[in-house]
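Open the model in your viewer and keep the sequence panel beside it. We will go from stop to stop, selecting a few residues each time.

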Amino acid sequence: MGSIGPQRARSLLFLFLLAVPARCQQAQPSNSPPASLFSQSAAEILRRDFAKGETSYLLLDAKTGAVLANRWDNPEKAVPMGSLVKPFTALAYAQAHDFRYPIYECRGKLNGCWQPRPHGKLDITAAVSVSCNAYFRHLAEGVTLEQLRPVVLTFGLEFPDGESTSATLFGLGDQWRISPMHLAEAYLELNRRKNQPGVARILAGMRQSAQRGTGAAVDRQLKRAKALVKTGTAPCTHSPWAPADGLVIALVPEDQPEILLFVRIHGVAGAKAAETAGQMLREMEE
Ligand SMILES: [Zn+2]
């Protein structure tokens, strides 16, 4: 037991030699996507099946931040991001309030939530999961632009307009415009900081979103992996115009993300965009 015969040793050496050139290729510095088989096929799948007029997407390597696929006109141009800003406003709140998040009861339409039916009593994790506007309106009223500043700087985001209100800080309107590329990188940074105060409960909300919140369409599609998801619905910036654009950011797999997928679908809500993101991820998984 344990000793390797000459035949076996030769075949191991052969396998090793086969593996070496592939590794060398991977190590080459270049602006093109790294030569991992998974990422190449993923980019190919997206191009083949999802390059439709109403769909924009960015696919990033979650570890290196390398762009693996990009179908987004001018991804550096800042656009409104709807509820995708909520985790960053939440973190600013936490930093200004001793890392204690509020508990708040959503009464649905009565206090201006997007969902007419009340979400009920929520903590930060549940509020991220269902993207409750009543909760985040309450939270954002406790955050000044000055308190937001360090978070914006840390995560490389654009600043909201000077005349922004608390509604801006939880994603209403178009006064907080962020470049899609910067926002994708900010979510990667959020995940890297998962052990820092205030962050874990936000990421738990993204996990719950994929399980049973506004991002549930993503986990429903995935066969093996689970995701971290945040959805958003933002004012449309396209021509021709639609009432809204649906946004979703998904990191997969949830415990050690390998990829980040950012999808925008013209003319739908965020939960609907999550369905397309889920289909994309399922095809990449196969
Ligand atoms: Zn609500």
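Predicted model: local features only at pLDDT ≥ 70, side-chain atom pairs only at ≥ 80, totals over all residues.

Residues are numbered from 1 along each chain as its sequence is written, and side-chain values use heavy atoms, with hydrogens and water left out.

**Stop 1: the zinc ion**

Select the zinc ion, then Cys106, Cys113, His119 and Cys132. These residues supply its protein donors through SG, SG, ND1 and SG, at 2.0 to 2.4 Å. Donors are N, O and S atoms within 2.8 Å of the metal (3.2 Å for Na, K and Ca); water is not among the atoms, so sites may look incomplete.

What is the geometry of the site? It is tetrahedral, with angles of 102 to 117° among the four donor atoms. Now check the sequence panel: the donor residues follow the spacing C-x6-C-x5-H-x12-C. Cys113 and His119 are both buried, meaning under 20% relative accessible area (1.4 Å probe, protein chains only).

**Stop 2: aromatic pairs**

Rings of Phe, Tyr and Trp (its six-membered ring) pair if their centres lie within 6.5 Å; planes under 30 degrees apart count as stacked, over 60 as edge-to-face and the rest as tilted. By this rule there are four aromatic pairs.

Select Trp72 and Phe262. Their ring centres are 4.8 Å apart and their planes meet at 55°, so the pair is tilted. Trp72 lies in the loop between β2 (67–71) and β3 (79–80), while Phe262 is in strand β9 (residues 259–266), 190 residues apart. Helices (H or I, at least four residues) and strands (E, at least two) are DSSP runs, numbered from the N terminus. Both Trp72 and Phe262 are buried.

Next, select Phe88 and Tyr187. This pair is edge-to-face, at 5.3 Å centre to centre and 90° between the planes. Phe88 sits in helix α3 (residues 86–96) and Tyr187 in helix α8 (residues 180–192), 99 residues apart. Phe88 and Tyr187 are buried too.

Ring pairs link Phe88, Phe155 and Tyr187 into a cluster.

**Stop 3: a helix residue**

Finish at Thr276 in helix α11 (residues 270–285). Is Thr276 buried or exposed? Its relative accessible area is 17%, so Thr276 is buried. Leaving aside residues up to four places away in sequence, Thr276 touches Phe50 and Ile265; contact means heavy atoms within 4.5 Å.

Terms used: Tetrahedral: all angles 85-135°; square planar, octahedral: opposite > 155°, others 65-115°. Buried < 20%, exposed > 50% of the residue type's maximum accessible area, 1.4 Å probe, protein only.
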